[in-house]
Amino acid sequence: MEFHSICVIGLGYIGLPTASMFATHEIRVTGVDNNAEVVKSLEAGKVHIYEPGLKEVVDEAINRGNLKVSVKPVEADAFIIAVPTPFYGDKKADLSYVYAAAESIVKVLKKGNLVILESTSPPLTTVEHVLPILEKSGLKAGKDFLLAYSPERVLPGQILKELVENARVIGGIDTASAEAGRDLYKIIVKGEIILTDATTSEMVKLMENTYRDVNIAIANEFSRLADRFGVDVWEAIQIANRHPRVKILNPGPGVGGHCISVDPWFFVEAAPDISPLIHTARNVNDSQPDFVVTMVNKALGSLIQKKVAVLGLAFKPDVDDLRESPAIEVAHKLHLMGASVTAFEPFKPDFKHEGINMVSTLSEAVNSADAILLLVNHTQFHTINAVELRAMTKAKVVIDTVNGWNRGDFETAGFRFVRLGDQKNI
Ligand code: SAJ
């Protein structure tokens, strides 16, 4: 099947790079976002999210005249839905954006079109929910239009590279839909394209992120065990990973972002009676910020009126994404326990949160602190020189939750060094 025009619904972390990438491959792309502010700012040449290299691709797409933005879908050969699927406080998936995106296509859907859902969704969403919505157009799925699920699997921070190089799974509601999906994505994808059915591909996406979540949970639990037994978990992991069939991930202050901390809940919600391991792993990772707060409390004796300089609030290194960030949770809990919290997040200096005093430089953050708490291993932080930091602060203790710093360097510079999963200094 040949494609000349596509419409990408949702211009966020996935939709905007995808839309721009197609537009730089001679496809006429309409990027759609129901947020008029986003559309306006893109029209003014501004990119509202930070992702390395994205601004350049968007500029190129616009300069070539191939990328237009709009608040409403227009007719096209194919539609890609890339809207968020958040979850409610009770851990139930919120599919309202997916449904609204599908509804918005109904009026412009034509015979022969292909519709792809990329948003992470519970099993059966494509077949049981999106398909009937699209059929409100009067067209029949499989006969008049093609429909597939193709999960995005790119890593924030490396989206543009992974969009092209990663293997791509395309699950059709029938073979023709999967094949049409392959013809579409092969325009931009260099990695392998694997065809399957829609529900399998929904499940694949959730399995990938659940697998990672469970593995991070065991690393976090190991950090607690090491702490209990006075062992350095980082050294223990490094040694265990020399075994050819062991690959333990890194403990940290918890699991954040909009993917790994969310997707496993889709399984737990859909089948709670048969997913106790997944549920427990989620709970372990969700409680890791509490473990870190207890550790800081222990390191300082008490948190009351202690000044804690927090370095990093993003959900992981070198991104500006603060969604579901465990670092924010740690900072907020420290505040609730009586500490005075000053935070420096170089990727989002304007961020505001109750109880967190945001500053825009490292020296402002650490100047009058009692303790410095490293929560995100941004390059800018793990390359900090311990001696220079010593000269900037009156803090005597540094607490490293991400193994970003070298104990020897910080001890030589005169700090007391406390690290997650390594009780040597408490
Ligand atoms: N984390 C740890 N320890 C580790 C690795 C990660 O605590 O060893 C934490 C991070 O700090 C972060 C969270 O886990 O808070 C998630 O970060 P991540 O880098 O593991 O993953 P995401 O959420 O940025 O992206 C994931 C990726 N999935 C997998 O690696 C299986 C990506 O490929 C998906 O496209 C993305 O989810 C998504 O959109 O679903």
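These are worked exercises on a predicted model.

## Exercise 1: the ligand shell

Task: describe the shell around the ligand by class, by helix and by domain.

Solution. 
1. Start with class. The shell holds 9 nonpolar, 4 polar and 7 charged residues.
2. Go on to secondary structure. Helix H8, residues 198-229, gives the largest share of the shell, with 5 residues.
3. Then take the domains. Domain 1 (5-197) supplies at least three residues of the shell, and domain 2 (232-255 + 289-419) also supplies at least three.
4. Of the 20 residues around the ligand, the nearest are Glu152, Val154, Lys205, Asn209 and Arg212.

## Exercise 2: polar atoms at the ligand

Task: find which atoms of lysine 205, asparagine 209 and phenylalanine 315 lie by ligand oxygen atoms, and give the distances.

Solution. 
1. Take lysine 205. An N or O atom of its side chain is 2.4 Å from an oxygen atom of the ligand.
2. Take asparagine 209. Here a polar side-chain atom sits 2.6 Å from a ligand oxygen atom.
3. Take phenylalanine 315. This time a backbone N or O atom is involved, 2.7 Å from an oxygen atom of the ligand.
4. The ligand exposes 770 Å² when taken alone, and the protein buries 86% of that.

## Exercise 3: strand S12 and its partners

Solution. 
1. Look at strand S9, residues 307-311. Leucine 311 has leucine 374 in S12 as its bridge partner.
2. Look at strand S13, residues 397-400. Valine 398 in S13 stands opposite isoleucine 372.
3. Recall the strand rule. Side chains alternate between the two faces of the sheet in a regular strand.

## Exercise 4: buried or exposed?

Task: classify arginine 168 and isoleucine 159 as buried or exposed.

Solution. 
1. Buried means under 20% relative accessible area.
2. Locate arginine 168. This residue lies in strand S7, residues 168-172.
3. Classify it. Arginine 168 has a relative accessibility of 5%, so it counts as buried. Its side chain makes a polar contact of 3.0 Å with the side chain of serine 150.
4. Locate isoleucine 159. Helix H6, residues 159-165, contains this residue.
5. Classify it. Isoleucine 159 is buried because its relative accessible area is 2%.
6. Isoleucine 159 and phenylalanine 267 are 108 residues apart along the chain, and 25 Å separates their C-alpha atoms.

## Exercise 5: positive phi outside glycine

Task: report the phi, loop and accessibility class of glutamine 305, then do likewise for asparagine 403.

Solution. 
1. Begin with glutamine 305. Its phi is positive, about 60 degrees, although the residue is not a glycine.
2. Find its loop. Glutamine 305 lies between helix H12 (288-300) and S9.
3. Classify it. Exposed means over 50% relative accessible area. Glutamine 305 has 68%, so it is exposed.
4. Turn to asparagine 403. Its phi is positive too, about 55 degrees, and it is not a glycine.
5. Find its loop. Asparagine 403 lies between S13 and helix H17 (407-412).
6. Classify it. At 30% relative accessibility, asparagine 403 is partly exposed.

Conventions: Residues numbered from 1 in each chain as written. Predicted model: local features only at pLDDT ≥ 70, side-chain atom pairs only at ≥ 80, totals over all residues. Heavy atoms only, no water. Pairing = 2+ DSSP bridges. Helix = DSSP H or I, 4+ residues; strand = E, 2+ residues; numbered from the N terminus. Near = heavy atom within 4 Å. Polar contact = N/O pair within 3.5 Å; in protein donor to acceptor, adjacent residues only side chain to side chain. Areas by Shrake-Rupley, 256 points an atom, 1.4 Å probe, with all protein chains shown as cover. Nonpolar A, V, L, I, M, F, W, Y, C, P; charged D, E, K, R; others polar. Domains from an automatic or database assignment. Buried < 20%, exposed > 50% of the residue type's maximum accessible area, 1.4 Å probe, protein only.
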